[in-house]
Each structure stands twice: as structure tokens, then as C-alpha cells.
Amino acid sequence: MSDQEHHIPDFWKEVVDAETIERCLTRISYEIVEKDRDLQKLALVGIRTGGEFIAQRIHQKIQEIENREVPFGVIDITLYRDDLSDSLEQPTLKGTDLPFSLSGHRIVLVDDVLYTGRTVRAALDAIIDFGRPALVELAVLADRGHRELPIRPDYVGKNLPTHKDDFVRVRLREGGYTDGIYLIQAHDAKKG
Amino acid sequence: MNVDSVRFQHLLGIEGLSREDLIFLLENSQQFVEVSQRDLKKVPALRGKTIINLFLEPSTRTRASFEIAGKRLSADTINISGSGTSVSKGETLLDTARTLQAMNPDILVVRHRSSGAAHFLSQELTRTAVVNAGDGMHEHPTQALLDCLTLCQHFELAPSELKGKNITIVGDIRHSRVARSNIWAHQLLGNKVTLVGPATLVPHEFADEEAFGGGVRICHTLREGVEGADVVMVLRIQLERQSDNFIPTLEEYTRQYCVTPQVLEGAAPGCVVLHPGPANRGIEISSTLYEGTQSLVEKQVTNGVAVRMATLFLLGSRGRKENV
Amino acid sequence: MIRISNGIVVDPATDRDGEFDVLIEDGKILDVVPRGLGADGDFERVIDASGCWIIPGLIDLHVHLREPGQEWKETVETGALAALKGGFTSICCMPNTEPAIDSEEVVRYILDKAAQANYSRVLPIGAVTKARVGKEMAPLSELREAGCVAFSDDGDPVYNAGIMRRALEWAKMLDAPISCHEEDKDISCGGCMNESALSTRLGLTGMPKVAEDVMVARDIELARDTGAKVHFCHVSTARSVELIRRAKNDGIPVTAEVTPHHLVLTEDAVRAYDTYAKMSPPLREEEERELLVEGVKDGTLDAIASDHAPHEDDVKKIEFAEAAMGILGLQTSLPLMVSFIEDQVLTRKRAISSLAEAPARAFGLPYGTLRKNAPADIVIVDPQKEWQFEREDVVSKSFNSPFYGRTMKGKVRDVFVQGVLRLENEEVVLGGQCK
């Protein structure tokens, strides 16, 4: 995949820069901590693959703010997707890694971009298979709208107005890029 | 990674897979190990899919393993067993398969005593993915996958790192689909394969270039064959080989080829033992060894489910042919 | 009188290869004359064979017509039609019918069917033993008198060497050869392809070459001992070719045939479990194939015979190990050999001889030549015509051929059987009367 390439195509339009991303994540971290909810039972779960690094960063920030260990895990929702048969690509599993029991926890699910809501739906199914959390919240770096399911984020970094046919891509330093959110308009997408 | 969606249209054998294909399958299989360790051992990945297990040869383990794998993926699995003698049943394998296809299954898992049976069905059935669960003496690909996965776990190596090992396979190689699939797999991974057994059961053709690429060593003496082995895979000896005159008597076979802890003294330090089961204890392998610390037999069975889940998932969730 | 003009006559028996015209009268070859000589005479018909070869009607020493008993696979009529289309004017049919050709009645039945069909000539081969089970000798004299041209238990060897020796003594008195399917089935038991690295890879039980060789060696010794004529069917191994070569050098009266498929295909054809390439003896390795071709070149393998073995898809399109053995051959033999000539694998003389003169000599038949006064069995073949062999071309009742999609060179245009034009411009001539 293009993760290996560190070049951003010219027609990708940067809509959120690195500094803004950092600020958004800091804000989300504080919001999670400050929310009047049981902080002692907080745990973060990133959704592979897009949410994993975002979740790690928020997790790190929260640990710094709180100065204590907060449980962290990642889930692979491939086996819970509802669009497997439509995909042309052979699905690859990266694995689920939840080194703590979810039961009774206040879980904050983390993803990079919220779009139709189908990924979150799959993630909720997966979470429930692993136990009975006391509460599940959702944090996303960007919300681009066009929901197809009744799903609403609790913490949002940026709201991005998009057309349904556009593509939104998040590139992060963990993948070898400078942080940035890009908009690829439908008529440009054909180029790449 | 760009994975061609038609790459795993069927799983008929290890032969024909690329090294990348094999590693991809093993890596995916590893991910499914975790699913079977959960309290709730079920994922909705193949919900609404139908898997038919057509076992026309006696089998307990493999069939159970495929059935559990299908169920843990939420597929509807149906088992059909039979003697497989098409003539005596009055219905040919093709008729049976076409009848089944008319019920629109997504995957047909087939075990048959005839080499090439899975191949044959894959050519005749257009809408169904075929998984070879053992065809005659030809191949048993999921067994080789689970053997390799077990070795990866034991040696704590990623599939791509499982190379340079000395693998010795002992027993009735001639009639063994397990041996053939493992030979292909280890050739792809880069391990050295030695085959051990009497000349009647280990024909010299196995070492020919035309057979398995020529990288296979043949040895008719057990101690020599296991020397320096990192892995010794013991195959089940079919009791009827005696009446077929491949071996004079079972005692003769045991005297020469029974694998015991003493025999493995010459193997590499940390040598482990695999057996596809069910074992004839005291004939091809000693009980002490089979149950001992060197034996990975139970791990093999556990991994069998993971490997079959990975296989069924890849075939069952693939993009539809028409779209490609 | 009919004249065939403007063609190239290839008649190995008379050592002719060049621009000659052929004259036919009363079902016989009246003469073969230099092109155009006496062309202004009075002819009932003149056939223009420009660009074509004029060759003797071909003889197939080994076909299975399946009648009586398995008429759904093939009949005398459909088999004889396939022969006609393929340029064979005489075909020798093996006795593994149901009942076997082990009595005068069965011979008569087949000859009657052949006369009704009125395509190519059918020459039955009688069984060596009753019902071909190898226990007691069949009534060889009765069979010979009824019209059998040779004896064979094809499909099986005559296991019992004692019976074989006695049968050879009888056959010698009757001046007919015994045609031998050489296979020690205790060695090849359960086999379904050549025993080789490939069979090892495919997990298929192999039929070792030595299963053929041991029986060839045995029957060479029996031929030496009895002085009777032994003909080896479908030779498939280099070692058998060598044994036969030596026997011939020693003056032992043996002859041999090889199939076109063993000359052009190797075991590679079954790599994808293609049952249309499954037969006994099986296709062998490339080295063996090359030495079989050498055997044809030097005449060790006298004849090319198709071993035409029709089987319906119900017994062919099944699991490899269980599928029936054998493939069609009558319509593909000549084109495959024309390609051999074009590719200079065989000379034109040797190739045509192996399909006409040599088989005639092996079975002592008066056909296979354009010699003056010989029966006018003549084939006009267009050697340049390229065509693709497809299922639709098959006139047999069965379709088991591994050659579909193959580009063939050379097509049979016209065929005379005993002076009567039976095939004209690739179409069957209806209503002709056999003279």
C-alpha cells in the first residue's frame, strides 16, 4: 500500500496541518479526562489500522496529564466488517491486542476519520464480544459527515465538510510522514 | 501489500503457491489463534455463508477441525460423509458436487481417496471455492500449514523467518499426502527436507528435480536421517501396507523405523517431534516420545483450527469473481 | 476406368515418390503412370489431386469398435466411419467385446455390421483364449477361417506362458500373428499413469516401464522358441524398443506397433489430471518418447496404430484413478504423422509406410500399396491444409481425445475403398456399392 511511499501526491489538498492535529489531540485528551465520568475505569482502544496511532498519542497524553497507567489496546475489526464480500482486496488480519479485561471499564474507542459509521458499528460488535464495558465513548480526529448509521462521536478533533465521493486521508509521522489530513476530491481521485 | 483477490480462489495444494502466498496464509493463521483463545470464540466474519464439508473418506480430526473453524466464523457448516466409492453409491463425485453446488454453498471442503479429486471439482464447479482436505496421496495443504504454524510458534519465528531448519519426515512417504504438502511448504520456506523410510515406501523419485525440485534428500537409515534434525515429523503407517507387500511385517518396520527418544539423541539440540495423528504408538513412534516434552502434537491440533479458520475466511470473504 | 491425376504419389511398397497418376479399374489398381501419360484416354472419371498426396489406403492394426456389447461407446458403423474420415481403409478390431471375438458367430456379426455400414474395411482380430480370460485357447482355426487376421487378448496379456506357447504354435500353423498387449499387471497393479517423478508429485500410482519390458522379453523368447509371429502392441518404452531391435537382428519373427500419441505426447499431458490423456500403456517421459521415434525411424517399430479406444464421459470425466483407460485415434493419426513429416521428424516414405505397407506386412494383408493389381484402397490427402481439431469434428460415439484445440496439418480429402469413392471432398459418398 501507499504507506510505504513517503510522497504525498500533488492533487491531495492539505486541510489540517501538523500543528492543528497536535492541538486537537491535546484538546481531546483533556476533554476525556475532564468529562465527569469514572476516570479510574478509563481505558483506550484504538481501531486498527487508522485509529491505532491516534489512540496511542491520546493515551500517552492522558497518562502524562494523569501521571498514571491507563489500560490500552487495539482491535482489528476485519472479522466484523459488513462489506467483506464487496471488497476486491483479500482482507488481511493484523490482530486484536487487548491485554486487559474490558468488563466494567469506561472504554474510549479511537479512530482517525468518522464517515459512514460502519467501522464503529463493527468495532462495537467486537468490543462486546470481549466483555461488558460499563460505558463506550467514541473519539475521532476528524468527522467528515455522511453517516449511514445512528452513531455520534463524543470527542471530535475537526469537523470536515466533504462531498460523499471525496476521499479523506490521514498521514502520520508513525507512518513516516509529516502529520496531515488531506482531502482528495472525487474528480482528482481517478488520477491516483 | 497488494493481494490479488483471485489468488485464493481455491486451496488445492501447497504446490503452486508462491512463497509470499504461503507466508500470507501463515501470518493470517497466526491471527486466528487469538480468536480461539477468547471466552466468546465466535466472530461474525462468515455469517450467512454456507460451508459444506464433503468427507468421502473416514476422518475424525480434520473434519471436526474444519467444522469448528467454520462455526467459529459464524458460517453454516454442513457435514456430508460417505464411503466415496462413486460406483457403489451409484452417483459420481461430479454429480454429488453439482447437486451440492445447486444449493449454493460458498465453500466446499472436500476429502476424497482419489488424488486430484479436489482439482477435478475446482474445474467443474464454477461458483464454489474448493478446499482440499486431503486427496488420495496427493496433498493435504491445511495439514502442512498447521505443521508450519506450529513450528513458527515453537521456534518463536515469523513465518518468513522459518528457514534453514532441518526437517526429517519418517515413514510411508509414498502414500502420504501430508509428506507431499510438507515437502512443498518447506521447500518454499527454505528448510532442508530429509525423507526416511524403506525403499518401498520412499521411492527414489522423490529426490528427482521433476518431482519436488530436487532439493529433497532420501535416507533409508533412521539414525542417519535424523542426524542434525531440528524437526522430526513421524507419519502414520497404514496397517494394510503389510498385506500390500510394501513391508514384510510391522515388526520389521518397527525394528528399523520406530522413532524413540534414543534415536533422537543424534538430532539437533531442542529437536521437536510432529505427528499428524492418529498415531500407532509403539509402531512408528514410541509412547514416551509421543507424550514427551519434545512432542508438539497437541499444539498441532489447536493450530489446525486456526489454519482452517484462516483458509475459510480468505476464501469465504473474497471478492466475488464477477467483479474481478 | 478412373484416373487420379496431378498429385504426388507416395507408395513406399513400390518405392514411388513423385508425380504419378493412378488408374483404377474393377476395384483394382490398373496402373501407376508418369503424370499426364495417356491422359487423353477414355475415363469414366478424372479426379484432380493437385497439391495433394496420393497414398495407399491406411491400415490400423489396433482399434476398439466396442461392438458387440458396448454400443454406447462405439459401433462398427461409427468406428468404420471415423476410420474413413481419418484415411484408414482397413481397420483391425480387437476382440475385447462382449462377448469377446472368440467364435465364428461374433466374427460374422462384426463383418455383417461392417458390410452394412459400408465405410472402411473391418478386419477382426480373434481372441487368443476363450472369453479372453487366459485359461483355455480359443478356437483359433475357426476364427481364422471366419476371417480373423490375427489373434490377441488385448487389454490383457496372455499371462500363462504355457498357453501362450501353445497358442503360438497354432497361430504359426494358421499363418497369423499373435498381437500382444505386454503388461505384467502384478507390477503395474493399481497404476493409472507412468511411474515417474511426476506420478510421485501428483500422488498417482504409477505403471512402471518394466511391467511392459518383462513381458516383451518373455514373448521374444517364445517367438524364438516356436518360430511363430509375435506382434507387439502399443510399445511405450525405450527398453522394449531395444529388446525388439535385438530380436529382429537375431532373426526372430517379431513386429511391433506404436501409437501416434506415444510419439507426440509425454506424461506431461496428465499433469492437470486430464483423464482424456489417460491410457494403457501410459504416456511416458520425453526421453522415452524420443527413443520411440528413433524406433520408428529405423523400422524397429514397424507400424503406427491408433489404439482407438472410445469411452463415454461417464467413465472418463471422473476422478483420475478411476477413469477408464484409452483415447480416440482414428481421426487424428494421419494428421499427427503429416506434422511429423513436415517437421522432418520422419521421412515421407517412412511415415506413410508405417501406416500402410508396414502394417500390411505385419499381419500379412494384401493392402497398403498402390502396386499394380492391388485392391484400389487409395487416400488423397491435402498435406498443406491446416485445421484445428475440435469436439465437433469427432464422428465416433465417444469424445475422449487429448488433442482438442491442437492445430493439425494435413486433411484427408478423398478415399477409395476397393476402387469405390467413399469419401469425396471430406464428405461421405452415400449409396456406393462395394465391388
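In chain B, five strands form an open sheet in the order 7-6-5-8-9, with parallel pairing. Strands here are DSSP runs of E with at least two residues, helices are DSSP runs of H or I with at least four residues, and both are numbered from the N terminus. Two strands are taken to pair if DSSP finds at least two bridges between them. The edges of the sheet are strand 7 (217-219) and strand 9 (272-274) of chain B, each of which pairs on one side only. From one strand to the next, the twist averages 25°; the axes behind this value are lines fitted to C-alpha atoms, for helices over the stretch in contact, and angles run from 0 to 180 degrees between N-to-C directions. Strand 5 (residues 166-170) and strand 6 (residues 192-196) of chain B run parallel and are joined by five bridges. B:Val170 has B:Val196, in strand 6 of chain B, as its bridge partner.

The model is predicted; local features need pLDDT of at least 70, side-chain atom pairs count only at pLDDT 80 or more, and totals for chains, interfaces and linings use all residues. Residues are numbered from 1 along each chain as its sequence is written, while chains are lettered from A and ligands numbered from 1 in the order in which they are written.

Chain B as a whole has 12 helices and nine strands. Its C-alpha trace spans about 55 × 45 × 40 Å along the principal axes. Of the 324 residues in chain B, 52% are buried, where buried stands for 20 or more other C-beta atoms within 10 Å of the residue's own, exposed for 12 or fewer, and partly exposed for values in between, with C-beta atoms placed from the backbone.

Chain B divides into domain 1 (19-140 + 302-323) and domain 2 (143-296), with bounds from an automatic or database domain assignment. The C-alpha centres of these two domains of chain B are 26 Å apart. Contact joins 20 residues of domain 1 to 20 residues of domain 2 of chain B, two residues being in contact if their C-beta atoms, placed from the backbone, lie within 7 Å. On the domain 1 side, helix 1 (19-37), strand 4 (129-135) and helix 12 (297-316) of chain B each supply at least two residues. Helix 1 of chain B gives the most to this side, with eight residues.

Two pairs of chains are in contact, and chains B and C share the most contacts. At this interface, 22 residues of chain B are in contact with 15 residues of chain C. Helix 4 (93-102), helix 5 (117-124), helix 7 (177-189) and helix 8 (209-212) of chain B each give two or more residues to the side that touches chain C. Chain A and chain C do not touch, and their nearest C-alpha atoms are 26 Å apart.

Chain A contains four helices and eight strands, in the order β-α-β-α-β-β-α-β-β-β-β-α from the N terminus on. Its C-alpha atoms fill a box of roughly 50 × 40 × 30 Å, taken along the principal axes. Of the 192 residues of chain A, 38% count as buried.
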